Amino acid sequence: MIKKITLTLTLLFTFVLTAQSLKSPAEFLGYEIGTQFSRHADVVRYFEYVAQNSDWVTYQEYGKTNERRPLTYAVVTTPENLANLETIRTNQLKNVGIVSGDSTPDKAIVWLSYNVHGNEASSTEASMATLYELITTKKDWLKNTVVIIDPCVNPDGRDRYANWYNQVKATPHDKSQDAAEHHEPWPGGRPNHYLFDLNRDWAWATQIETQQRLKVYNKWMPHVHVDFHEQGINEPYYFAPAAEPFHEIITDWQSEFQNAIGKNNAKYFDEKGWLFFTKERFDLLYPSYGDTYPMYMGAIGMTFEQAGHGRAGLGINTDEGFELTLVDRVAHHKTTGLSTVEVASKNIDRLNTEYKKYFQNSDLKYKSYVLKGNPDKLAALAELLDKHEIKYGYADNGKASGFSYAKNDSGSMEYEHAMVVSTDQPKGKMVKVLFEPNAKLNTPITYDITAWSLPEAYGLETVATTSLVTANATNQTPVYNNVADSNSAGYITKWDSMKDAEFLADLLNNDIKVRFTEKPFKNAGVDYGRGSLIITKSDNRKLEGFDNTVIQIANKHNRKLATAASSFATSGPDFGSPDIKLINKQRVALLKGDQVSSLSYGATWFFFEQQLKYPVTSINTDYFDRINLDDYDVIIMPSGYYNGYLNNKLSDKIKSWVQSGGKLIAIGNAVSAFAGKDGFGLSKNEDASAKKDKDSTNVEEKLIPYASREEESVKDFITGSIFKTKVDSTNPMAFGYEDTYYSLKLGDDSFSLIDNGYNVAYIGETPENVSGFAGADAKAGLKNSLVFGEARLGSGSIIYMVDDPLFRSFWQNGKLFVVNSVFFVNNNKFRL
């Protein structure tokens with residue numbers, strides 16, 4: 001008995017000593033948490049300090065951002081668990097079959113992610129407070145729980161916001177909503193360096209932060225994942241359970257556990273007199289969020305939303321007449337984070353049991369997805385699957401029957417070589433979600449898009465089968481090792497993928513002149529389609545080492561070059577034909593600024609800089625009217641709100657530049673700025689609602705009850721749906737495409753077909769949406785509407801891209817339209 005008392009006193013003394021000796025965030029930083037916005041470097045310093053001075057915490061870097069800030073995570077648990085951490089981690093993976101072997105895990109793994117949106121900055125402050133509380137006052141929960149803390153998912157965005165706020169805030173802070181410190185300048189701190197919303201990037205993994213985080217996430221596969229956010233200043237606090245719709249793959253257990261955590265959060269909030277709401281707004285459908293992605297990976301994924309956002313600063317008056325402070329916002333996030341750990345620690349057995357059940361996929365309808373098409377597109381899809389550690393294989397010479405994506409119905413497909421992605425693997429449910437032909441919706445009122453099917457996104461013919469298709473583990477994509485031939489007339493290569501576009505960009509960047517063909521031709525008995533690239537010795541005779549340079553670049557991009565012994569065609573145009581045109585090394589300008597959607601600008605900037613790797617000059621709308629447009633061949637207007645910006649003077653300047661040979665590309669909402677304006681060749685379709693019988697419709701609409709207005713309004717919505725479009729594949733904008741393209745339509749804007757120009761991709765007499773929600777009236781309004789087209793003005797062109805093919809950078813099959821528009825469309829003027 002004396003021994004036990006002595007041991008207890010010793011442990012108590014050690015606990016008190018540790019708590020007293022370890023500095024709190026306030027003691028370490030020199031200010032109370034919530035009274036300042038901490039710089040990311042200072043947050044890192046505090047986590048490093050704790051890890052160095054506590055045997056309950058390890059802390060490490062898992063990557064760097066584009067601006068070279070460290071991406072980090074802490075593992076928080078008992079010293080005994082830390083000593084056994086690799087076994088705990090491996091047992092977690094064994095439990096679900098990712099690693100072979102038996103295990104009986106007896107720990108919960110909880111992952112807390114903070115500050116994915118940089119200007120939702122209270123959560124990073126809360127991460128420091130949560131860390132300190134866990135290892136001082138909440139140690140009992142850590143005996144059977146491992147807590148992973150990522151203090152800042154988006155350091156570049158956070159520092160953009162925090163540094164701006166610290167520069168402009170008043171002392172003391174000004175709580176008036178009118179104060180400058182509550183009005184962020186464009187683009188705001190929400191996105192990352194390339195202005196991507198990282199909370200929409202989990203599934204597509206286009207950004208460096210996501211790619212590096214997924215490597216760590218897949219090593220741990222946590223039971224619970226919480227994503228901490230902020231919302232408008234007048235909303236109190238949101239936590240799970242989530243709103244409808246739920247994706248059908250979500251289990252009853254996942255919903256029940258969300259509810260259990262919500263009730264525990266509510267207990268603490270009620271004790272403190274804090275308001276909250278649940279089961280509204282934030283649904284569980286779109287797979288690329290920080291709550292849905294973990295859900296589809298078997299975890300309990302949740303979004304916690306605190307009032308504040310980038311407007312709140314250190315304190316702001318709400319519309320309800322009280323001051324919302326950063327101190328309060330931090331306290332709320334700390335409370336829900338700790339509450340989540342508490343609930344997990346009390347439900348270890350059930351968490352492990354139900355988690356294991358989730359990865360049993362025998363009841364899924366489709367067993368395999370069989371995909372065939374361009375090898376580059378298959379390789380691009382394989383690259384995405386690798387990021388998620390989803391298994392796939394390849395099959396030769398067969399026939400797949402089941403659901404045909406091309407027919408949007410039952411059908412079959414013969415193949416000589418196909419990729420096979422099966423649901424007979426631990427991550428089979430995520431496979432189902434990503435390859436979803438058409439997600440089931442019990443309500444169309446969602447927070448995001450309702451369609452994202454990878455077969456359409458990558459442009460691959462696909463059949464989903466109800467029986468397992470056998471596949472081997474290797475791909476048969478050849479590796480090309482081209483050899484220089486100084487006696488040839490030049491080299492020819494195909495044009496049908498983004499890899500071909502990257503090859504072209506590299507050639508142009510190396511000052512190699514390249515031609516493309518507007519007509520099919522045959523050289524040495526081999527057929528070449530429209531868009532094929534021709535690199536001639538004649539065009540590059542002054543370039544030293546021409547042949548070796550071309551071959552090196554081709555091998556770098558794994559492009560197969562055909563050596564042309566002669567420029568004389570077997571049939572079709574010869575190399576010197578007017579139909580085989582020299583490609584200009586285009587000088588491209590890209591608009592940014594207040595009128596521009598930061599997300600659309602970011603996606604376009606990222607596309608040119610990181611994917612195509614072709615130079616683009618970003619120009620701010622503040623001074624765009626003062627630049628010499630003749631310095632550029634192409635100007636790109638990302639999606640935005642330009643109606644008030646394009647005054648008569650600026651419109652005339654743009655029109656004059658186009659008429660003299662310039663090329664303007666308007667994307668997404670930017671298209672609306674030109675509709676109905678004289679000389680731009682574009683008009684809006686009449687709204688479907690305007691075509692109705694006005695008398696009867698108006699009466700009916702006036703009598704819709706207040707509570708039913710939102711539900712009734714969905715007939716006018718399109719919430720990110722996939723539409724089948726017709727394509728003029730003979731047009732240079734569509735080189736590399738066939739006569740059908742599946743377009744991701746983000747809204748119901750409808751524009752008439754162009755009278756004096758080219759309708760390259762369009763929706764015909766009967767709009768067909770193959771996936772996602774489209775309200776009846778909105779769908780009817782798309783009849784005979786433009787998707788991609790070109791209007792000629794003088795010797796130049798305006799290219800209209802009603803649907804943004806660069807949206808979030810995941811719609812891979814649309815990107816070649818952008819490249820074609822830059823380099824191929826209206827290529828009648830070559831600049832020496």
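Rings of Phe, Tyr and Trp (its six-membered ring) pair if their centres lie within 6.5 Å. By that rule this predicted model holds 58 aromatic pairs. Ring pairs join Tyr62, Tyr73, Trp111, Trp202, Tyr217 and Tyr293 into a cluster.

The model is predicted, so local features need pLDDT of at least 70 and side-chain atom pairs count only at pLDDT 80 or more, while totals for chains, interfaces and linings use all residues. Residues are numbered from 1 along each chain as its sequence is written, and side-chain values use heavy atoms, with hydrogens and water left out.

Trp202 also meets a charge: the charged end of Arg213 sits over its ring, 4.3 Å from the centre. Such a charge is NZ of Lys or CZ of Arg within 6 Å of the ring centre and within 35 degrees of the ring normal.

A salt bridge is a side-chain nitrogen of Lys or Arg within 4 Å of a carboxyl oxygen of Asp or Glu. The count is 41 salt bridges.

| Salt bridge | Closest N to O |
|---|---|
| Asp511 and Lys585 | 2.7 Å |
| Asp803 and Lys745 | 2.8 Å |

Asp803 and Lys745 link distant parts of the chain, 58 residues apart. Buried means under 20% relative accessible area, exposed over 50%, partly exposed in between (1.4 Å probe, protein chains only). Asp803 is buried at 5%. Lys745 is buried at 1%. Lys556 is exposed at 60%, whereas Asp506 is buried at 11%. Lys585 is partly exposed at 35%.

Salt bridges also form a network of Glu120, Arg190, Asp197, Arg200, Asp448 and Arg808.

Note on methods:
Rings of Phe, Tyr and Trp (its six-membered ring) pair if their centres lie within 6.5 Å; planes under 30 degrees apart count as stacked, over 60 as edge-to-face and the rest as tilted. Helices (H or I, at least four residues) and strands (E, at least two) are DSSP runs, numbered from the N terminus.
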